[in-house]
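Thanks for passing this model along. My notes follow as numbered points, starting with the contacts to DNA.

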2 protein chains.
Amino acid sequence: MKLTAKGQATRQRIIEGAAAHLRSDDAGGVTLDDIRAITGTSKGQIFHYFPDGKEELFLAVARFEADRVLADQRPHLGALTSWTAWERWRDAVVARYRAQGRSCPLGVLMNELGGTPGAHEVISTLLARWQAELRRGVLDMQEAGLVRAGVDADRMSAALIAGIQGGVQVLRSTGSAAHLEAVLDVLVDHLRS
Amino acid sequence: MKLTAKGQATRQRIIEGAAAHLRSDDAGGVTLDDIRAITGTSKGQIFHYFPDGKEELFLAVARFEADRVLADQRPHLGALTSWTAWERWRDAVVARYRAQGRSCPLGVLMNELGGTPGAHEVISTLLARWQAELRRGVLDMQEAGLVRAGVDADRMSAALIAGIQGGVQVLRSTGSAAHLEAVLDVLVDHLRS
DNA sequence: GGCTTTCTAGACCAGCCGGTCCACTCCTAC
DNA sequence: GTAGGAGTGGACCGGCTGGTCTAGAAAGCC
């Protein structure tokens, strides 16, 4: 399929409009017609730009949102080379998800996409990239002598990923970021000890 | 509504049948008709025992499943008074969720129930009870002098809850229990240090 | 300027699914 | 045994939703 500049713009508008809607509170059970209305497009356009329909569109939105997750942690995530950097990063993560509140675009997308392989792939890729950056951070701290060498960077970064995911999930259920803060604090403390 | 013994049995059969189906692999997008077929009942019965329909039924199933979550951690969860008890508990949690694999009954139910207040309440209650038992365990260890007094039992138990939730979520996405094991190991290590 | 391709629009369709309704059976109390 | 309520069965309905199709407007290309 060839896309003119105009076409590109429309396609992008659909993705970003859908993403924006998912970030709103009442995102449960999004329908193609919702997206159509929000983005000011027509059924024809949606299927023109996403021939495989819902799944293809939602997958595109998921990728878009996944990129945002990491982008929102910049620049801290990329340079975890001091304790202040770690603190800043921790605060950025907490702030991001606190702002997001109970809504969770990627969560909704995963529901909607069910267990399609593509969906798992998007999440897996995101988690892998995220963890790799955290791992790099742990290693950097070790090389700088700020973290004792006995710490297993792989295990530590995996624990951080799990902790964040769980903290966010609890935040979605209870509306409180206490768990997210607790797990990050404990894990960073552990790193520090 | 009056329920005879037979009625009770049928109602329970519906709940347990639905729960069993949710524990299977292809549980995404469960429909009342699925449950009707699996439990060998009729539309009439479902609405007879759950007048509010889907939401009421799924909420009942969610409560049933939530109880199972804690039950599956017995007896360890109730007596975390030694390091071996903690290890056993950790192993029980990992084993339970590893066996559960990618499917997650409560997760599916939460999807289906959307953000209804009842759904959040079930999850919140489960997490609160779970965390209270872990907190008790930490305190017991401190009273026995096995954990240093400086550890904040509230924060530690919150971190464990978040870690488990996240580990399970990653397990659902990637199929690997590595993150769950990592976060539990790191957190228990931290407790031990 | 005319031909082709892309872009936009919205009517329309078919299947699914939660929920209603009524008819029938079975149990129990008196 | 009979009346009334509980239990059971399944036809039926209405709305929603993903997806199709046709057809016209706009834009690129020579």
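1. In this predicted model, an N or O atom in the side chain of B:Ser42 is 3.2 Å from a base nitrogen of DNA strand D. That makes a polar contact, defined as a pair of N or O atoms within 3.5 Å; within protein, one atom must be able to donate a hydrogen and the other to accept it, and residues adjacent in sequence count only if both atoms are side-chain atoms. The phosphates of DNA strand D are contacted too: a backbone N or O atom lies 2.9 Å from a phosphate oxygen in the case of A:Lys54, and 3.0 Å in the case of B:Thr4.

2. Which residues come nearest to DNA strand D? Of the 20 around it, they are A:Leu32, A:Lys43, A:Lys54, B:Ser42 and B:Gln45. A residue is near a strand if one of its heavy atoms lies within 4 Å of it. Sugar or phosphate makes up 65% of the atoms of DNA strand D within 4 Å of the protein, and bases make up the rest.

3. The surface near DNA strand D takes five residues from helix 3 of chain B, which gives the most. Helix 1 (5-23) of chain B and helix 3 of chain A each supply at least two. Helices here are DSSP runs (H or I, at least four residues), numbered from the N terminus. By class this surface has five nonpolar, nine polar and six charged residues, where Ala, Val, Leu, Ile, Met, Phe, Trp, Tyr, Cys and Pro count as nonpolar, Asp, Glu, Lys and Arg as charged, and the others, Gly among them, as polar.

4. Now to DNA strand C, which has 19 residues around it; A:Gln45, A:His48, A:Tyr49, B:Lys43 and B:Lys54 come nearest. Sugar and phosphate account for 67% of its atoms that come within 4 Å of the protein. A polar side-chain atom of A:Gln45 lies 2.5 Å from a phosphate oxygen of DNA strand C, while for a polar backbone atom of B:Leu32 the distance to a phosphate oxygen is 2.9 Å. Helix 3 of chain A gives the most to this surface, with five residues.

5. How are the two protein chains related?

6. One more pairing to look at: A:Trp86 and A:Trp89 are edge-to-face, 5.7 Å centre to centre with 85 degrees between the planes. Aromatic rings (six-membered ring for Trp) pair if their centres lie within 6.5 Å, and planes over 60 degrees apart count as edge-to-face. The two residues are separated by about one helical turn because they sit three residues apart in helix 5 (residues 83-100) of chain A. A:Trp86 is buried, with a relative accessible area of 0%; buried means under 20% (1.4 Å probe, protein chains only).

7. On conventions: residues are numbered from 1 along each chain as its sequence is written, and chains are lettered from A and ligands numbered from 1 in the order in which they are written. Local features need pLDDT of at least 70 and side-chain atom pairs pLDDT 80 or more, while totals for chains, interfaces and linings use all residues, and side-chain values use heavy atoms, leaving out hydrogens and water.

Key. Rings of Phe, Tyr and Trp (its six-membered ring) pair if their centres lie within 6.5 Å; planes under 30 degrees apart count as stacked, over 60 as edge-to-face and the rest as tilted. Buried means under 20% relative accessible area, exposed over 50%, partly exposed in between (1.4 Å probe, protein chains only).
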